[in-house]
Amino acid sequence: MSDVTQVFQGPSLADFERARRTVGAVARRTPMESSHFLASELGVPVYLKCENLQRTGSYKLRGAFNRISALSDAERSRGVVAASAGNHAQGVAYAARQLGIRATIFMPVGVALPKLEATRAYGAEVVLHGDSVGETLAAAAAFADETGAVIIPPFDHFDVIAGQGTLGLEILEQAPDATTVVVPIGGGGLAAGIASAVKQRAVELGRTIRVVGVQAANAAPYVASMAAGTPQEVPVVPTIADGIAVYRPGELNFEIIREAVDEVVTVAEDDIARALLVLLERAKLVVEPAGAVSVAALMTGAVRSDGPVVALLSGGNIDPLLMQRVIAHGLAASGRYLTLSIGLPDRPGQLARIAEILAAVNANVVEVLHTRHGSALQISEVGIDVSVETRGPEHRAEVVDALRRAGYDPRVRAD
């Protein structure tokens, strides 16, 4: 890692302080909460920086407002345009409304309804175009060319990075004893801003603070890029952490991150689902998948610290339908929910016998689906899918073993 006293290509500490004065007009100073559960698991104090409680539901407001505030009167008169499937759209819409500027937001046709409605509610004109973010970005660029509207980028801009970096200043003021800061990474605006602000402030304080970035394993261009030393494109596999799913780092973001971020790690889909469940149950916090990857990295041991650690929860905009699926997946990944497919002889009493076996091992039945149809079934068989609540991996194994001892062949369903 390079000497943190060097001059970064991005904002200086004075730029971050200036951005904080600007952003303070609209952004809340979000709370820093202690997590006793995570602290007991890790053996060090764990703090949660709750940017999921920010206006518009994410940190994106900070960068958007800082960028739009810097526009000239002539630029403001032309309006602003952005392309986004979620948090950036809402941040730009809210920031533009507060500054009295016309905003047009391009969103993919399949965007989640809550995100669409929220963006419109903040006063933006929303144009649905394209089936992918790439098509939506192209449409926004064409609109800017035709109308002169100023494009507000989601991460790869000096003013956006400076706005997101105001979080780094808050983190060190609210958790002055922190030795490690864990940050989600998508395109890199947030991580670049926080890492740069934290490292520059640490130099002033005569301290060393470690900053670790976290990406979803299904969309991790920074891992390949850090190894290669230049921005790399990677294929993006669908991920529940869609808020940080990018195929290539931002150019300025990468230059800052490779100097100021100590390490970039990844987390799997099951890890993210488990983290969301822990945050909901233990911290009583609603967090979107992209915002929970920092906690997932702590829970899996991908990030370790010998001192107090801050995990940034970058957003809380999660579609209720997605939350329902993620909670079910998180319960299954934690060994607390189990769905089994079982073939039974087609004669009376078999379902009752299954129920007795499950009751004997204290497995609570949630749902039962019964069918005589299916290519895997014999003519004399019926099939059931039974979903039960379990108390963890050991109890889950006990349920399966009990059915097998009774002569059945239960198949654990992955969904």
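This is a predicted model: local features need pLDDT of at least 70, side-chain atom pairs count only at pLDDT 80 or more; totals for chains, interfaces and linings use all residues.
Residues are numbered from 1 along each chain as its sequence is written, and side-chain values use heavy atoms, leaving out hydrogens and water.

**The cavity**

- The structure has 1 cavity of 30 Å³ or more (a cavity is a set of points, on a 1 Å grid over the protein atoms alone, where a 1.4 Å probe fits but cannot get out).
- The largest cavity holds about 80 Å³ of space (a volume is the space filled by probe spheres set on the points, with grid points joined across faces, edges and corners).
- Its lining (residues with an atom within 4 Å of a point) includes Leu276, Val287, Ile318 and Met323.
- Helix H12 (269–282) and helix H14 (320–333) each give at least two residues to this lining (helices are DSSP runs of H or I, at least four residues, numbered from the N terminus).
- By class, the lining has 10 nonpolar, no polar and no charged residues (Ala, Val, Leu, Ile, Met, Phe, Trp, Tyr, Cys and Pro count as nonpolar, Asp, Glu, Lys and Arg as charged, and the others, Gly among them, as polar).

**H12 with H13**

- H12 packs against helix H13 (residues 293–300) at about 100°, with the axes 8 Å apart (axes are lines fitted to C-alpha atoms, for helices over the stretch in contact, and angles run from 0 to 180 degrees between N-to-C directions).
- H12 and H13 are therefore roughly perpendicular (65 to 115 degrees; under 35 is roughly parallel, over 145 roughly antiparallel and the rest oblique).

**H15 with H16**

- The axes of helix H15 (residues 350–360) and helix H16 (residues 393–405) come within 9 Å and cross at roughly 140°, which makes H15 oblique to H16.
- Ile354, Ile357 and Leu358 of H15 touch Val399, Ala402 and Leu403 of H16.
- That contact has 6 nonpolar, no polar and no charged residues.

**H3 with H8**

- Helix H3 (residues 60–69) and helix H8 (residues 158–174) have axes that come within 7 Å and cross at roughly 135°.
- H3 and H8 are therefore oblique to each other.
- Their contact includes Lys60 and Arg67 of H3 and Asp159 and Glu170 of H8.
- The contact of H3 with H8 has 3 nonpolar, 5 polar and 5 charged residues.

Definitions and conventions:
On a 1 Å grid over the protein atoms alone, a cavity is a set of points where a 1.4 Å probe fits but cannot get out, and a pocket is an open set with protein on both sides within 12 Å along at least five of seven lines; lining residues have an atom within 4 Å of a point. Contact means heavy atoms within 4.5 Å.
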